[in-house]
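Hi,

Here is the model I said I would pass on.

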Amino acid sequence: MSRQAIQRLGFAVLTIVAVLVVAPIFLVVAVVVFRGLQGISWEFLTAMPRDGMKAGGIFPAIVGTLLLTSGTALVAVPMGLGGAIYLSEYAHDNWLTRAVRLALVNLAGIPSIVYGLFGLGLFVLFLRLGTSVVAGSLTLAMMTIPVIISTAEEALRAVPTEFRTVNLSLGGSRWQGIRRIVLPQALPGITTGIILGLLRAAGETAPILFTVAAFYMPQLPRSPLDQTMALPYHLYVISTQVPNMPGTIQYGTALVLLALVLSMNILASVIRTYFRRRRQW
Amino acid sequence: MSLDALDRATMIDVQHVDFFYGTRQALADVSAEITEHRITALIGPSGCGKSTFLRCLNRMNDTIPGARLQGQVLLDGQSIYTPHTDVVSLRRRVGMVFQRPNPFPQSVFDNVAFGPRVVGTDRNIDLSQVVEASLKAVDLWDEVKDNLRQDALRLSLGQQQRLCIARVLAVKPQVILMDEPCSALDPISTLKIEELMRMLEREYTIVIVTHNMQQAARVSDYTGFFWLDAQRSGVLVEFDDTAAIFTRPQDARTEDYITGRFG
């Protein structure tokens, strides 16, 4: 075979592989959208479930997921951002910071069910928060913080050192430089990291399994110490735990979850590309 | 220009300074007197400690791990290397202009207002007045006054460097340190900065590091010549009136350097 033929063959193989990798994703999205749209209606989005979840809507699951994601953000954003600022701007390179970094890398690799069991042990049982929105949010936050710290630290480090030096030379304190120059410059990267971290929290089932999720609760939580339904867990329940479940409800729920997660993902990409185009250093 | 040092006070008095990066000695026994309202140029080959010396004067070397200084640096008669020296207020008195124009990625206005804002002692200062005065002092006002909100990075490099000088002036320092401020600029912009230095000299004390001997000869009143000694530490070989350095240097190394025999 000639070299050109080998090259054409190589490209063909690579193209096929690329299509094979991407095709299932499109297929999944397409099936969920097509079958899900039949189940989506105003009532489906805003009503309580009825008849053992076989009819009615998924309103409490939607609200529950939004509540849990907000609760997670409330805890994980300040802690993650604070940790990132410390690691990037203040920490010296010593055994302590090396240990913290090592821990962050490892935490990001821990299976989410382990976070769920950890949350059950610490928040639900030891701290006596019970299965509640608070316990679930804290558990999801534990899982999200490492993600936020590493992406935010990366964004902070990408800001040229020069700006920090100039700030000092103008009589600014280190913190003034961070607040007035470094943070605003790193904000797009930080925001993207936060959204991606929260996104993962919003779609997880395992961490909320033992810490907050209600099997069937046709009402909204009345206090942060109440249980709540949540989209990923609800999807798991109606797909595997309830016999004779109408497919429209299953796919409708999947579509709502997918739309929620996908729209946040797209938002993150938009922020990232918009600011990257504007950045001039 | 008459150069009678006797009627001028010493602004910065550097006494027997040794400077170390970890174990490497970068400056050995450097002493110099920087005269107020005069321009002092520091020349010499690359890596001989000119910039290190400059950064000793506003303690910018503090940020480098392992950096250490022995000796005395007096600003207006007060040591700036005591345990209670307020480094932040020192840097407000001794401003710095860098090699590459480095405005913040913000508007022209915000760049100049940065210093007064972080100082923040006097809440009643009229920021727009400070910005206007600073931009006028660097002869940039007419070029940017119609659009102070424009991004500073849209200016030409020469304008950016003048903006950086204006940013320093807004803090109202006594001394301005310039670390090769023209090395990234074209000849016209360079000339503009040099003219500017002559204007600023009336109100400020200026120390400039330059690779360009013609620039030192053109613009400065005093010149210090740095060289590496046998241990590869920077030494101040000669420090004198610029006219004296360039016409009758006392040290053979200075003469060789300025006549281009090496360096």
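This is a predicted model: local features need pLDDT of at least 70, side-chain atom pairs count only at pLDDT 80 or more; totals for chains, interfaces and linings use all residues.

**Where the chains meet**

Let me start with the contact between the two chains. On the chain B side 23 residues take part, and they are in contact with 16 residues of chain A. About 1800 Å² is buried between chain B and chain A, and carbon and sulfur atoms give 64% of that area.

As for which elements of chain B are involved, α2 (87-93), β6 (94-97), α3 (108-119) and α6 (157-169) each supply at least two residues of the side that touches chain A. By type, the residues on that side of chain B divide into 13 nonpolar, four polar and six charged.

**A buried strand in chain B**

Next, have a look at strand β8 of chain B, residues 205-209. Five of its five residues are buried, so the strand is largely enclosed by the rest of the structure. Both faces of β8(B) are covered: B:Thr205, B:Val207 and B:Val209 are buried on one side, and B:Ile206 and B:Ile208 on the other.

Which strands pair with β8(B)? One is β3 of chain B (residues 39-43), which runs parallel to β8(B) and is joined to it by four bridges. In that pairing, B:Ala41 stands opposite B:Ile208. Another is β7 of chain B (residues 175-179), also parallel, with five bridges to β8(B). Here B:Leu177 has B:Val207 as its bridge partner.

**Two helices in chain A**

On chain A, A:Ser112 lies in helix α5 (residues 112-126). With a relative accessibility of 14%, A:Ser112 counts as buried. Leaving out residues up to four places away in sequence, A:Ser112 touches A:Met143, A:Glu204, A:Ala206 and A:Pro207.

Helix α7 of chain A (residues 161-169) has A:Phe163, A:Arg164, A:Val166, A:Asn167, A:Leu168 and A:Ser169 as its buried residues. After α7(A) comes A:Gly171, with a positive phi near 85°.

**Salt bridges**

Over all chains, the count comes to 22 salt bridges. Some in chain B that I looked at:

- B:Arg59 and B:Asp62 form a salt bridge, with their closest N and O atoms 2.9 Å apart. B:Arg59 counts as buried at 13% relative accessibility, whereas B:Asp62 is partly exposed, with a relative accessible area of 36%.
- B:Lys136 and B:Glu132 form another, their closest N and O atoms being 2.6 Å apart. Why are B:Lys136 and B:Glu132 separated by about one helical turn? Because they are four residues apart in helix α4 (residues 127-137) of chain B. B:Lys136 is partly exposed at 45% relative accessibility, and B:Glu132 is partly exposed at 28%.
- B:Asp139 and B:Lys192 form a salt bridge, with the closest N and O atoms 3.5 Å apart. This pair links distant parts of the chain, 53 residues apart: B:Asp139 sits in the loop between α4 and α5 (141-144) of chain B, and B:Lys192 in helix α7 (residues 187-200) of chain B. B:Asp139 counts as partly exposed at 42% relative accessibility, and B:Lys192 is partly exposed too, with a relative accessible area of 29%.

There is also a network of salt bridges that links B:Arg38, B:Arg198, B:Glu201 and B:Asp221.

**Positive phi**

Most residues other than glycine have a negative phi, which is the reason I flagged the next two. B:Lys172 is not a glycine, yet its phi is positive, near 60°. B:Lys172 lies in the loop between α6 and β7 of chain B. B:Glu180 has a positive phi of about 45°, and it is not a glycine either. B:Glu180 is found in the loop between β7 and α7 of chain B.

Buried or exposed, then, for B:Lys172 and B:Glu180? B:Lys172 counts as exposed at 60% relative accessibility, while B:Glu180 counts as buried at 11%.

Cheers

Definitions and conventions: Residues are numbered from 1 along each chain as its sequence is written. Chains are lettered from A and ligands numbered from 1 in the order in which they are written. Side-chain values use heavy atoms; hydrogens and water are left out. Contact means heavy atoms within 4.5 Å. Buried area is the accessible area (1.4 Å probe) that two parts lose on being put together, summed over both. Ala, Val, Leu, Ile, Met, Phe, Trp, Tyr, Cys and Pro count as nonpolar, Asp, Glu, Lys and Arg as charged, and the others, Gly among them, as polar. Buried means under 20% relative accessible area, exposed over 50%, partly exposed in between (1.4 Å probe, protein chains only). Two strands pair if DSSP finds at least two bridges between them. A salt bridge is a side-chain nitrogen of Lys or Arg within 4 Å of a carboxyl oxygen of Asp or Glu.
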